[in-house]
Amino acid sequence: MAHHKEIFEGRTIEIKDGVNLSINGKEIDCHHDRVKNKFYSKYLPYTQYDSLLELAREIAKHAAEFSHAKD
Amino acid sequence: MAIRKDANTLTAAERAEFVTAIQTLKAEGIYDRFVLRHANASMGDIHRCPAFLPWHRRFIFDLELELQRVSGNPNFGIPYWNWPSGGTNASMWNDDLLGGNGDAGGVVRTGPFRAGQWTVINSSGSPAGPLMREFGQNGLPTLPSQAEIDQVMAITPYDVPPWNTNSNPSFRNQLEGWIGPNLHNRGHVWVGGSMLPMTSPNDPVFFMHHCMVDKIWHEWQLRFPNQGYLPANGGPFGQNLTDPMGSTPSGQIGSRPIDVLDSAALGIIYDSAAPQPQPQPQPQPLLIVVGANPTQADISTPGEADVFRFDVPTFGPHTMFTTGPSDTFMTLFGPNDRNVEVASDDDAGENFNAQITRNLSAGTYYLRIRLYSPNATGNYAVGVRSDGAGPSPIPELIVDGVSINAAISAANESDVYRFNITTENTYTIETSGATDTFMTLHGPNSQIPEIDRNDDGGSSLNARIRRQMSPGEYFIRVRHFSPLGTGSYSIRVIRG
């Protein structure tokens, strides 16, 4: 997945060069644990994911920065 | 003083006091400062690392001071979320405390922190909608059980290299949740919603959750008083015992791990209403006979560790080893204490097998075997052999004779000496030099019973034992106070 772009639950997820992630144009700090082969980010500090796209979707869904929830 | 109680046991008045104090801090803008302090911390400073526990201990301590201020109650303590009894139907989720689960869309619509009454913020401090919860909906449907907590409570040491999510064995890593049954991380994921991102303190249950984490660490510290915080030094900056922790402001107490190690000194008291985790009766490890054929074993679950014991009747060189196709890692504990680490090894044996050769004094020793990779499983065999034709002599100290010069040359090393007392009198055994020594006295006529111990009774950081002693042969064991410390010293025995 060198380049990927999708709209997920109303947020634009873009992955460039397989490693550079942005959501709604905002660059997202993310890392790869080579020992466990898992992806993780400070946006979701209690979980790790098998793929960068899976991580991106979860950030888009849960991080307060991208919240669509209304009172 | 802060009296921390099980959230489910709070009285109506205590519930109202907690809610009012949290709402007051929110109105003052102070609550959101705590959210931002957590949200904008560097992840490597506070999660996936040794400082995870002391950082959060200081964090909730600081909020507790604010709660005491606005409540006017100097004994106000953050309630803890007792996970085994804190599921969906627990009273802590009632409308008079935290409110309950989110609706179909995850929005919390009950209790004092419901939509319209409580707004979360993002990491920039901007309002970001209502509080969200999705109990058990994010892949982890259950909360930690007491058995799982007890399992983690038995893990030592505090932490090990590489000081991250791959550290094993590591109490910190198991409590944080990256290996083992997953305690802390699971609580966040179980609540879901606003508890998932770095802004998780937006949900007041965050503080109850970390109060529980802190309580478990506190109880582990009481259970293993010899297992200190690690790394003492040599770890990443911000993680060592005396490094200032990242994203921690100056305050009533210091910002280093060493400043927050003692909960009692911080004035924190946990209630006795909830069942206290009892020291888990540890099953007697399988006995290895020295010199017998290696014992077959296997690591059938990733992250598992096997423990064996063996008895050494007299001082002498011994080799502890594994054989087989697995990449084993071995840690030796003892004598007569399965929490005192003597040495560890990864690949000193054949292929990727672990092997430790060492002079051992009489006593019972424990071998913990795991696989180097926390994700691997595999078979191995473990054995112990006595090396050499006979026991090596233990260096003898002569009463009122010359000092012996020696050194603790490796982490966890200890030296043993013997000396003979012929007439009952008062005797002093002491070290000298620049090394922070720790000394235990054993006897008479056996290396096993410990009759005295001392850390800094001598000059500077030296150990000194002065006591009345009856005739017989005695043994002195000297180690560095720090499990990782090394250094030279001299030792002598004098009458008087």
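Mentor: Happy to. Keep in mind that this is a predicted model. Let's begin with helix α1(B): on one side of it, A12(B), A13(B) and A27(B) are exposed.

Trainee: And which residues of α1(B) are buried?

Mentor: Those are R15(B), F18(B), A21(B), I22(B) and L25(B). Looking down the axis of α1(B), the buried residues stay within an arc of 135°, so they line one face of the helix.

Trainee: What covers the buried residues of α1(B)?

Mentor: The cover includes two helices of chain B, α2 (30-39) and α4 (52-71).

Trainee: How far apart are the end C-alpha atoms of helix α1 of chain B, and what should the helix span?

Mentor: They are 24 Å apart. Just after α1(B) comes G29(B), with a positive phi of about 85°.

Trainee: Let's move on to Y31(B). Where is its place?

Mentor: Y31(B) sits in helix α2 of chain B.

Trainee: Is Y31(B) buried or exposed?

Mentor: Buried, because 23 other C-beta atoms lie within 10 Å and the cut-off is 20 or more. Leaving out residues up to four places away in sequence, Y31(B) touches I22(B), L25(B) and K26(B). Two of those, I22(B) and L25(B), are among the buried residues of α1(B).

Trainee: How far apart are Y31(B) and N202(B), in sequence and in space?

Mentor: They are 171 residues apart in sequence and 8.4 Å apart in space, C-alpha to C-alpha. Across chain B, 73% of the contacts between residues at least 6 apart in sequence join residues at least 24 apart.

Trainee: Zooming out, how many helices and strands does chain B have?

Mentor: Chain B has 8 helices and 21 strands. Of its 496 residues, 44% are buried.

Trainee: How many residues does the largest nonpolar core have?

Mentor: That core has 88 residues, and those with the most contacts inside it are A56(A), I59(A), W81(B), M208(B), M212(B) and I216(B). Helix α8 (residues 205-223) of chain B gives the largest share, 10 residues. In soluble globular proteins, nonpolar side chains tend to be buried together.

Trainee: What does M212(B) touch?

Mentor: Not counting residues up to four places away in sequence, M212(B) touches Y80(B), W81(B), N82(B) and W83(B). Another core, of 23 residues, lies apart from the largest one and includes L332(B), I356(B), L371(B) and Y380(B).

Trainee: Now the contact between the chains. How many residues come from each?

Mentor: Chain B gives 22 residues and chain A gives 16 residues. On the chain B side, β2 (119-121), β3 (127-130) and α7 (184-191) each supply at least two residues. By class, that side of chain B has 12 nonpolar, 10 polar and no charged residues.

Trainee: Last topic, chain A. How do strands β1 and β2 of chain A run?

Mentor: They run antiparallel, with 5 bridges joining β1 (residues 4-8) to β2 (residues 11-16). K5(A) stands opposite E14(A) in that pairing. The hairpin has 2 residues between the strands, and E9(A) takes a positive phi near 50° there.

Trainee: What about β2(A) and β3?

Mentor: Also antiparallel: 4 bridges join β2(A) to β3 (residues 20-23) of chain A. I15(A) faces L21(A) in β3(A). This hairpin has 3 residues between the strands, and D17(A) takes a positive phi near 55°.

Note on methods
Residues numbered from 1 in each chain as written. Chains lettered and ligands numbered in written order. Predicted model: local features only at pLDDT ≥ 70, side-chain atom pairs only at ≥ 80, totals over all residues. Expected span 1.5 Å × (residues − 1). Buried ≥ 20, exposed ≤ 12 C-beta atoms within 10 Å, placed from the backbone. Arc of directions from axis to C-beta. Contact = placed C-beta atoms within 7 Å. Core = buried A, V, L, I, M, F, W, Y, C linked by C-beta atoms within 7 Å. Nonpolar A, V, L, I, M, F, W, Y, C, P; charged D, E, K, R; others polar. Pairing = 2+ DSSP bridges.
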